[in-house]
Amino acid sequence: MDFNMLHMKTPTIIILFFLVIVHSGCEKMLDKEPVDQLSIEATFEDFDGAKAALAGAYFSLFDINYYNGLRSIYPDLTGGNVKHSKTAGIDLLSEYSFASTAAQSEMNATYGALYAILNNLNYIIQKAPVVADGTLAQTNRLVAEATALRALVHFDLLQLYAQPYNYTTDASHLGIVINLEPVFVNSSIIKRSTVKQGYDAVLTDLNQAAVLMAKSEVVFTVGSSSNYMNANSINALLARVYLNMEDWNNAYECAGKVIAVKSYSLFSNANYVSSWTLKNTSESIFEVSVPNNFSGNSYGSYFTLGQSYLQMATTNDLLDLYTATDVRGRDSFYISSNIKGVLYYFSKKYPTAATAATGVKVIRLSEMYLVRAEAAAELGNQSQANADLNLIRQRGDAAATALNLSTKDTLITAILLERRKELNLEGFLLFDLARRKKNVLRTDCMSNTCNLNYPNAHYILPIPEQSVLTNANMVQNPEY
Amino acid sequence: MRPAFTLPFFKLFLCSLVLFSSLAAIAQEKQVDLTLRAATIQEIFTAIEKQSGYTFNYNAADLNLQTKYRFVYKGKLSGALTHLTRLAGLVLKQDGSNILVRVLPSRMVAGRVTDTKGIALPGVIVQVKDGAHIATTGPDGTYKGRLIAKDLASARFQFRMIGMRDLVTEPLADRKFVNAEMEEDITMMKDVIITSSYTNGKPREEVVGSISQVNAEQLQVQRPIESLDKMLEGLVAGVYVESGTELGKAVKVNIRGQGSLIPFGVSRTTSSQPLYVIDGIPVQEQSESEANTLFNAETLLNPLAGINPANIASISVLKDAAATTIYGANAANGVIIITTKSGVQGKTKANLSYSQGVSTFINRLKLLSGPEYYTLTREALINDGKSVFEAEAAAGSKTTDTDWLGLTNRNATYSNLNFDLSGGNSGMDYYFSAGYRKQQASSLNNDLKELYVSLKVNHRITKKLKFGITLSPTLSSKNGLNAYSANTYMQPNIDPNDEQALATQSTRPNPIDVINQNEDFSRSLTFNGNAKLRYDVFPALYVSGTIGGNTFYSKQTQYYSAENSTGRNLNGRLRIFDRNTYSWLGFVQAGYDKTFKEHHSINLIAGYEAKEENTDLMSGTGTGFSYDKIRTLSQASVKSSASSSLSSATISYYSQAGYDFKKKYFLNVSVRSDKSSMFGGDKKVATNSAVGLGWVVTKENFLQPGKVLNYLRLRGSFGSTGNSRIGSYASRGLYGFSTNYNGETAAIPSGSAAPNPDLGWEKNYKLNFGADLTAFNLLRITAEIYSNTIKNLISTIDVPLESGYTYVNVNSGNMRNKGFEFSVDADLVKHKKFNWTAALNYGFNKNKVLSLNEGFTDNYSISGVASALKAGYSTTAIWGVKWAGINPDNGQELFYAPDGSKVTRSAMLAYGTSAWEVLGDRLPKFQGGMVNRFSYGDFSLTLNTQYSWGASYMLRTAYYGDGALITYSNMSVNLLDRWQNPGDITEVAKLSNLFNQVPNSSRYVYDMSYIKLSNANLNYRLPEKYASKIGTRAVSVFINASNLAYWYKDKSEAGRNGIKELRNTYPEARTLSAGLNIGF
């Protein structure tokens, strides 16, 4: 072979060689997996994935649209416990005036966030029992906690988007969409059920969760047990649900069970104020934990001084309800601030921020006493009702004399007043007014619509426009 | 099961080409090796016969037996025969092992070629008409050569040169001297156009596709503009640049309208931008929203700012299917090919240029003064029911007047230094350049610095083997701390030194403190490099391999100081984002280019390409700094970090075939098949193809070039392209793992887009007709009409929220862009001293969504851009409600309800989006530009004008509302005209701080039609005789003014803001610069 020919062929061979090498390696190159994400299938391949999904569900409760923000403040703002202290950059301006619309309600984000959590929970409930590893007791636990959370989310949706249980005598009025399995996008099965069906689904989930919980072992060991759903928090949630259903016997019994558990205790009068700087206190039955290294706005940023996003001041309507000696009152539990010439009072609930921020206390022991008191009053057990009521009253105001109310009506009125004083900023007021068929009366209020007479369509929020526009089956709430 | 990706046609074609080339090299042809210094024809014949075994048959009487030739040859027999033919004017014909010899008459001819002004033309090719080459003219324009022809007397000469019209002489008769005077080729059809990065340039005449090319001179790289995408504004018909005023930020370039739907929200990242290819390597488009949300706070730099404008030789804009389909699935929005300068053989040349300039604001936004602000705030609060005392307390100082805009802005400077060196010999050429640019933004402390280096070397290893390499790193640094909108809207009645007022009255940080104490800077390195190897198997066939990389390293550091309210509650906050993008691309291809039987030209390329892009992201956040001056993560008491990465890969086969007959009829076919990792399941492969036809009508007998019509060519093309840039994992149902609960790893379903494994490719079918003509020996006109139909559009459909998702990405729509483009240029005055050249372009585009989201609702966005995707309308339409003015009785806004009645704000809001109608269109009906260039002696003046007609602009209403944000922000001076008393006729409602705005009101939609004198450049070139006296080759000086003047159709009221002031976030700046170029 002569040199000339070799010389001519070589580059061709190099290029041909390159082609073969490149080509053979390339097909494989096309299989790309994201690094910080996993497919749904891969996530639920094993126990750890399913566990991470459940941790994700807990994390989602801390969403700014849920307990760490809108869901918690909305009932207090609309009910009259708080008012806006600023005029710009504030949340829930139209909700404050009962003027939100389906197109623009800020609470639409809450609706979407809650159903996104349900989507995750449904994957866990469907797939956790069939993961490749983990003991039965462990997977039972995952399913139990997810099922209890699903009840919590459905219950919150019912309170926000449907009239109270007693709105009609048989609760046959319009409820919410109940999601018990992952919903595919082109599914046409998305429909609202009745409030009765909604509460039934919540109770079914809670009871199922309780059964599985009994056959399980703990999977999350980090943090406090009150950061996770457990047998006690299921009972506490049942008590709250039964109270809304006016099922006094069950409410009484469930609240009693939680109170009877030795692991919870009330803070003393002296420690009450400072207890709000602590995480996972002895009063917390279910507390949504703050993620590690959390540095964003926590729920307390709404009303705690020194925070950039300070915007919800306590109304005089509420402040005037406290006696001068009540630790929960104006002098001991509030910080005043002059904003543009006006003096505002901000609560010391959740006073710590950023990495020191505490979790959001979703269910607290004092609520259980007040639930039992209310159920007892309804059931005619006045001594128990007075005892539970006085326990909370006198814990707040050591100087208060013990009440001994003898009629159901006076008892109920006193208990509701105490609920307002004790549980303000914890997301109850509007719902309490609604289930008790009370009017919204706001005196310290700056809005065109300060008051609502029960019944009124605006006790509940509109279904977001997107859900109505994209689904022919969807029925909007009246007057929206 | 995934079907295998087999493309038998391509593989076969490729293999056969490669195989063929190898075979040809070892073909059975006889080799000869002769060295005859002085031999007669007969002696040469004998020598060849000995070596080859062939026999020459001839009549000795016909041959000139006396003349002795020098004959040195080594190679194939056929080559030797060709050589012999030329040498002695013989016709040789092979018949078995016999070679028949006939003698042709020949004659030595000579002459001189000049242009019409009598100036000698070197390098003119002299040939027999459509036949053999005779000679090439030397530096003095003369030539000498032997003409060999069957019939010498009837032979015609043809003279050819780029830039000049072909000249064909009368029959030679008995002449021995043929002089020629060539005319300039006014059609410019011989200009070389870069048609793709896979092929070399082609004469414009042979290009069937729709391609507009802009060279460095037209681009006017002396302008103080940092990136080439901004420079394209107004230069190319059909290219609309939505330019912004923020430094270093990418702009939107729309070629023939928008080729894909813009995404709503952040879940999808479908690109509607063209593909940029620099010297064969695509630039990776950066998309922030694709990455994990942890990285959303990062600000991205425009990757195109990494290219030194001074290095650009030409930019080709590929528009239709015939031009773009070779880029297949990336070409839906057009392709922009950037070719950088190469070295030129010859003496080493160096150029040094420097320019410096200063910018001042134009069309500055007018805001309320301190006292005005006080008055209006007080009034708004009183209107809202506050007591006078409360209102006055809340409104702040009555007298303080702070000009925050003035305090946070400046007259910015600009400077640019460039050096380049080029040269080479027949075996090698090189081009080296280095540049430094420093450009300040008007916002104090914001600037952009670039250091560019580039080296390009081409080396001919052997006659057939060529090697080329390009390396161009660019270092950039950008400061972007000073946020214009946050700072200039600060309340004007707060004294910047009054800490008390700042703390209590303002929710914003003190801008002066932010500028002085915080940090926000990015540093990046862009590295483009490629290497090419090309081997010419034989003159018609080559194989080549190219490998290139595009790397982008960037690091952004943000520090929020504890000294001011941005970082006070966290005791200082540091965020660092580290982004590394690596992409590589390799392609091997074979090309074949040959003319058969004089009239049939064929060119073919076929290739295989593999491409991979990887982006690695890392970020670190720290808070709790005990000492504000040491700003490293190690000093932070609380730290967190994150990492993520994205990757995608594509492999492709491509082929293009061209054929022409007599350079009169042209055919071009391209096919490309792409397989991408971006799509799910079976949808990975997309094949696109296109066909184009061209016809030079003036080469027909029935339409010979005349005085009116000098040249006419018609073109047409049809084909498809796709869009693969939809984001890396757009089709997947995923769980994201970027968070924790109590420190336990937490996973949540990712994003708000539901999974859709059926997501597939968009197809963009492009139909184009064009005509190129030259008339009156003056006007060069190109006119094109096109219709691009996009099928299987990827769009986002809202889903019921109960699914847990907000939307899903589906292939659900069809859309069409139709339009017309026109460009004309002419040398209006051509005189020895005075010349005037003008170029005008016009582009008209109309977009319509044909169908969308079957079975689902149309899609609206309630954001400031007010977009809607709705069948029957343009995708860039602005939607909203019609404003009906202010009710003179109570000062409240009124709107037109769908039934035509005037209703109040709350009544209008109740209608929701169902009442929305089209208020305008974000993109113009037509737009274009005009460049006039005058030269007089050594002076030249270039004026750039741009126009845009029919585009609307929807204002971000926040600072222009009726007091909604007034306690928080300064407002437009237009609020001074607010309603105050019953009977007031005004356009501004009664002020209210509780005012809940109606979004997307026609009140905030402005007509953006304008004409602007965007640039003027005056250049003076020192006459050569003086330049050489100071030891230089060429010297020129220039002054340049950008953004000289605007004429808006929608005029601003005196003393008030209109579109002119409101259009840009950052106010526009007029930059005056002056510079010097020296060539050595």
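# Briefing: contacts and local features of chains A and B

The contact between the two chains takes 87 residues from chain A and 94 residues from chain B. This is a predicted model. About 7700 Å² is buried between chain A and chain B, and carbon and sulfur atoms give 63% of that area. Over all chains, the structure holds 48 aromatic pairs.

**Interface of chain A and chain B**

- The count between chain A and chain B is one salt bridge.
- That salt bridge joins A:K51 to B:E744, with the closest N and O atoms 3.6 Å apart.
- Helix 1 of chain A (residues 3–29) gives the largest share of the side of chain A that touches chain B, namely 15 residues.
- B:T650 sits in strand 31 of chain B (residues 636–661).

**Aromatic pairs**

- What is the geometry of the pair A:Y299 and A:F303? The ring centres are 5.3 Å apart and the planes stand at 90°, so the pair is edge-to-face.
- Both A:Y299 and A:F303 are buried.
- In chain B, B:Y559 and B:F625 also form an edge-to-face pair, at 5.3 Å centre to centre and 85° between the planes.
- The pair of B:Y559 and B:F625 links distant parts of the chain, 66 residues apart. B:Y559 belongs to strand 28 of chain B (residues 541–560), and B:F625 to strand 30 of chain B (residues 600–625).
- B:Y559 and B:F625 are both buried.
- Ring pairs also build a cluster in chain A. Its members are A:Y272, A:W276, A:Y299, A:Y302, A:F303, A:F333, A:Y334 and A:Y350.

**Charges over rings**

- A:R419 lies over the face of A:F428, 5.1 Å from the ring centre.
- A:R442 places its charged end over the ring of A:Y96, 4.6 Å from the centre.

- A:S226 is in the loop between helix 8 (195–214) and helix 9 (231–245) of chain A.
- Is A:S226 buried or exposed? Its relative accessibility is 4%, so A:S226 counts as buried.
- The side chain of A:S226 makes a polar contact with the side chain of A:S224, at 2.9 Å.
- Leaving aside residues up to four places away in sequence, A:S226 touches A:N280, A:S284, A:I285, A:F286 and A:E287.
- The C-alpha atoms of A:S226 and A:I363 are separated by 9.5 Å, while the two residues are 137 residues apart along the chain.
- B:E1068 is in strand 55 of chain B (residues 1068–1079).
- B:E1068 has a relative accessible area of 8%, so B:E1068 is buried.
- The side chain of B:E1068 makes a polar contact with the side chain of B:Y1046, at 2.6 Å.
- Residues touched by B:E1068 include B:T245, B:T360, B:F361, B:I362 and B:N363, as well as B:K1012, B:N1043 and B:Y1046.

**Helix 4 of chain A**

- Helix 4 of chain A (residues 70–79) is mostly covered, with ten of its ten residues buried.
- Among the buried residues of helix 4 are A:R71, A:Y74, A:P75 and A:D76.
- Just after helix 4, A:G80 takes a positive phi of about 115°.

**Backbone exceptions**

- Most residues other than glycine have a negative phi, and most peptide bonds are trans.
- A:N280 is not a glycine, yet has a positive phi of about 45°.
- A:N280 lies in the loop between helix 11 (272–275) and strand 5 (284–288) of chain A.
- At 28% relative accessibility, A:N280 is partly exposed. A:N280 is also one of the residues that A:S226 touches.
- B:K663 is not a glycine either, and has a positive phi of about 55°.
- B:K663 is in the loop between strand 31 and strand 32 (665–676) of chain B.
- With a relative accessible area of 27%, B:K663 is partly exposed.
- The peptide bond from A:Y454 to A:P455 is cis, with omega near -5°.
- A:P455 is in the loop between helix 17 (429–435) and helix 18 (465–469) of chain A.

Conventions:
Residues are numbered from 1 along each chain as its sequence is written. Chains are lettered from A and ligands numbered from 1 in the order in which they are written. This is a predicted model: local features need pLDDT of at least 70, side-chain atom pairs count only at pLDDT 80 or more; totals for chains, interfaces and linings use all residues. Side-chain values use heavy atoms; hydrogens and water are left out. Rings of Phe, Tyr and Trp (its six-membered ring) pair if their centres lie within 6.5 Å; planes under 30 degrees apart count as stacked, over 60 as edge-to-face and the rest as tilted. Buried means under 20% relative accessible area, exposed over 50%, partly exposed in between (1.4 Å probe, protein chains only). Helices (H or I, at least four residues) and strands (E, at least two) are DSSP runs, numbered from the N terminus. A charge sits over a ring if NZ of Lys or CZ of Arg is within 6 Å of the ring centre and within 35 degrees of the ring normal. Contact means heavy atoms within 4.5 Å. Buried area is the accessible area (1.4 Å probe) that two parts lose on being put together, summed over both. A salt bridge is a side-chain nitrogen of Lys or Arg within 4 Å of a carboxyl oxygen of Asp or Glu. A polar contact is a pair of N or O atoms within 3.5 Å; within protein, one must be able to donate a hydrogen and the other to accept it, and residues adjacent in sequence count only if both atoms are side-chain atoms.
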